[in-house]
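This is a walk through a model of two chains, meant to be read with the coordinates open. It takes each chain on its own and then turns to the contact between them.

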Amino acid sequence: MKMPAGLDIERFYDEHAQPLFAFLLNLTRDEADTRDLLQEIFVKLAREPKLLDGVREERAFLIRLAHNAAIDLMRRRGTRERTKENFAAEIISVFAPASDPDEAVFREQLTQALAELPPEQRAVTHLKLWVGLTFEEIATALEIPPNTAASRYRYALDKMRARLRPLYEEMKKAE
Amino acid sequence: MMNDEMEQFENRLRRQPVKEIPGEWRVKILAATQTASRPRPRVPFLSTLNSQLSTIFWPHPKAWAGLAAVWIFILVLNFSTRDSSPQLAVKSTPPSPEVIVQLQKQQRMFAELMGPRDPAVADRPKPQMPRPRSQCTEWQVG
């Protein structure tokens, strides 16, 4: 499936859709919204392949598109929708289901802890831990200084550690 | 010690696998991109206008029709009750000679009461102020 200006959209999808999906799901906490945003991004690229002209880091560029789209969506949502988002945050998990019950509880708690973070800290944490980007790459993708990315990550990690400490300590003892 | 603990915690988080993207999304999203990349046929102006108006009027067509009916009724009512009698200015007659004489008399009385008219302050010529030497061009030329 070749695109007009030589953009191989299938390759793009296969390489980047999975990390974008997890990132968007972590931000929106809604599968339907995540699908809409993902489709919006790929349709935008198919319609305007010139957007990729001169782009060196495809992943960073796509993450920026995804982040902006998610922020726009969150702004479009009213207070009522945000309440729905908070409610949904208790149910929608960003992680794969675990067979081990302890691990399942940990993932559930982690999902909850992530939901309690402000979106900007959540974005940085996700990109650092589950996309494996460096602070420089995160800074490029989110258009923020690298120091800001690093400090947001530290704050988020401290909060999550405080939130998960009892469970984490227990699991460590059991190991 | 503290850093080690933090690192362990970080690694623990990193090891948590994120959810997989549903497989069926691929076909749907790629199909959407195919549709989007096709050149769009030119839509005639009237068709665009029609679709725009439909978008505006679609939610409550009966309400819009009702509103239009009310306006038509108001216009009809307005035209039917319009006053066809001639205007007041046309109807009025010129004042009688007695009235004119009376008015002239009043005007003269008023002029007498006011007394002779002084020339206005603004009309008086301004006293000539001595100009600075630099502006005495006649002298310089002379």
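The model is predicted, not determined by experiment. Chain A contains eight helices and zero strands, and its order along the sequence is α-α-α-α-α-α-α-α. Chain B is also without strands, with seven helices in the order α-α-α-α-α-α-α. The two chains can be described by how much of each is buried. In chain A, 35% of the 175 residues count as buried. In chain B, 4% of the 142 residues do. Chain A also has contacts that reach across its sequence: of those between residues at least 6 apart, 65% join residues at least 24 apart.

The largest nonpolar core has 47 residues, and the members that touch the most others are Leu24(A), Ile41(A) and Ala66(A). Two or more residues each come from H1, H2, H3, H5, H6, H7 and H8 of chain A. H1(A) supplies the largest share, ten residues. Because domain 1 (1–92) and domain 2 (99–175) of chain A both contribute residues, this core lies between them. The surroundings of one of these members can be listed. Beyond its neighbours within four places in sequence, Ala66(A) contacts Leu20(A), Phe23(A), Leu24(A), Leu37(A) and Ile41(A).

Helix H7 of chain A spans residues 135–142, and its buried residues are Phe135(A), Ile138(A), Thr140(A), Ala141(A) and Leu142(A). The cover over these buried residues includes helix H3 (58–76), helix H6 (119–129) and H8 of chain A. Just after H7(A) comes Glu143(A), which has a positive phi of about 55 degrees.

The contact between the chains draws 29 residues from chain A and 19 residues from chain B. On the side of chain A that touches chain B, the elements giving two or more residues are helix H1 (9–28), helix H2 (31–47), helix H5 (101–115) and helix H8 (146–174). H1(A) gives the most to that side, with eight residues. By class, this side of chain A has 21 nonpolar, three polar and five charged residues.

Two helix pairs between the chains can be followed in detail, and both involve H2(B). Two packed helices are described by the angle between their axes and the distance between the axes. The crossing of H2(A) and H2(B) is right-handed. From H2(A) the contact uses Arg35(A), Leu38(A), Gln39(A), Phe42(A), Val43(A), Ala46(A) and Arg47(A), and from H2(B) it uses Trp25(B), Ile29(B), Ala32(B), Thr33(B), Ala36(B) and Ser37(B). These residues comprise eight nonpolar, three polar and two charged.

In the second pair, H1(A) packs against H2(B) at an angle of about 140 degrees, with the axes 11 Å apart. This crossing of H1(A) and H2(B) is right-handed too. Ile9(A), Glu10(A) and Tyr13(A) of H1(A) meet Arg26(B), Ile29(B), Leu30(B) and Thr33(B) of H2(B). The contact of H1(A) with H2(B) has four nonpolar residues, one polar and two charged. Ile29(B) and Thr33(B) take part in the contact with H1(A) and also in the contact with H2(A).

Methods: Residues are numbered from 1 along each chain as its sequence is written. Chains are lettered from A and ligands numbered from 1 in the order in which they are written. This is a predicted model: local features need pLDDT of at least 70, side-chain atom pairs count only at pLDDT 80 or more; totals for chains, interfaces and linings use all residues. Helices (H or I, at least four residues) and strands (E, at least two) are DSSP runs, numbered from the N terminus. A residue is buried if 20 or more other C-beta atoms lie within 10 Å of its own, exposed if 12 or fewer, and partly exposed in between; C-beta atoms are placed from the backbone. Two residues are in contact if their C-beta atoms, placed from the backbone, lie within 7 Å. Ala, Val, Leu, Ile, Met, Phe, Trp, Tyr, Cys and Pro count as nonpolar, Asp, Glu, Lys and Arg as charged, and the others, Gly among them, as polar. A crossing is left-handed if the near helix is turned anticlockwise from the far one by less than a right angle, and right-handed if clockwise. A nonpolar core is a set of buried Ala, Val, Leu, Ile, Met, Phe, Trp, Tyr and Cys residues joined through C-beta atoms within 7 Å. Domain bounds come from an automatic or database domain assignment. Axes are lines fitted to C-alpha atoms, for helices over the stretch in contact, and angles run from 0 to 180 degrees between N-to-C directions.
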